[in-house]
Amino acid sequence: MISKKTKYALKALYHLAGQPTSQPVLISDLAKAGNIPKKFLEFILLSLRKGGILQSRIGKGGGYYLASPPAKITLGSVVRILEGDLAPVQCLSETNYAKCDECDDEAICGIRLVMVDVNKALAQVLDSLTLADMLERSETERSKRANVLDFSI
């Protein structure tokens, strides 16, 4: 499961992806739009800026904006910045490797061997989905709801 930090990040990025290119948005506006605690959001946005997902402008007309077009920002890159690598078990982690206490031999460990496939599948999906995909899917569902007629009385 992704953490609340990553969920909040995706909510904020979703909002920014819907803004005109390079138009900064204030942290307070992002916090309000996503119902996100402002102090927590500040930490998240700083991490995303350091990770190259966001840029910021200081002063009047300042705020945060996407560093690249939404179609170039993958969900995988966001998750990795905030969560570390995507490994479902620590013995597959590239950044936080640790041998499992209950494992005698990683080379033949059935759990590890199947989790390699899970790890690859998860990475493939998250690296192929972008903020633009997230926006498009949401808009498609929103338009489906708008086209439903309600005849209830």
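Start by selecting Tyr 8: this residue is buried, with a relative accessible area of 13% (buried means under 20% relative accessible area, exposed over 50%, partly exposed in between, using a 1.4 Å probe and protein chains only). Before you go on, note that this is a predicted model, where local features need pLDDT of at least 70 and side-chain atom pairs count only at pLDDT 80 or more, while totals for chains, interfaces and linings use all residues. Residues are numbered from 1 along each chain as its sequence is written, and side-chain values use heavy atoms, with hydrogens and water left out.

(Helices are DSSP runs of H or I with at least four residues, strands are runs of E with at least two, and both are numbered from the N terminus.)

Stay in H1 and pick Thr 6. Thr 6 is buried, with a relative accessible area of 0%. Leaving aside neighbours within four places in sequence, Thr 6 is in contact with Val 79, Leu 82 and Glu 83; contact means heavy atoms within 4.5 Å.

Next, show helix H4 (residues 75-83) together with H1: they pack at an angle of about 140°, with their axes 10 Å apart. Axes here are lines fitted to C-alpha atoms, for helices over the stretch in contact, and angles run from 0 to 180 degrees between N-to-C directions. That makes H1 oblique to H4 (under 35 degrees counts as roughly parallel, over 145 as roughly antiparallel, 65 to 115 as roughly perpendicular and the rest as oblique). On the H1 side, the residues that meet H4 include Ala 9, Leu 10 and Leu 13.

Last stop: helix H2 (residues 27-34), with Ile 27, Leu 30, Ala 31 and Gly 34 as its buried residues. Looking down the axis of H2, these fall within an arc of 100°, so they line one face of the helix; the arc is that of the directions from the helix axis to the C-beta atoms. They pack against H1 (4-17), H3 (38-50) and strand E2 (63-66).
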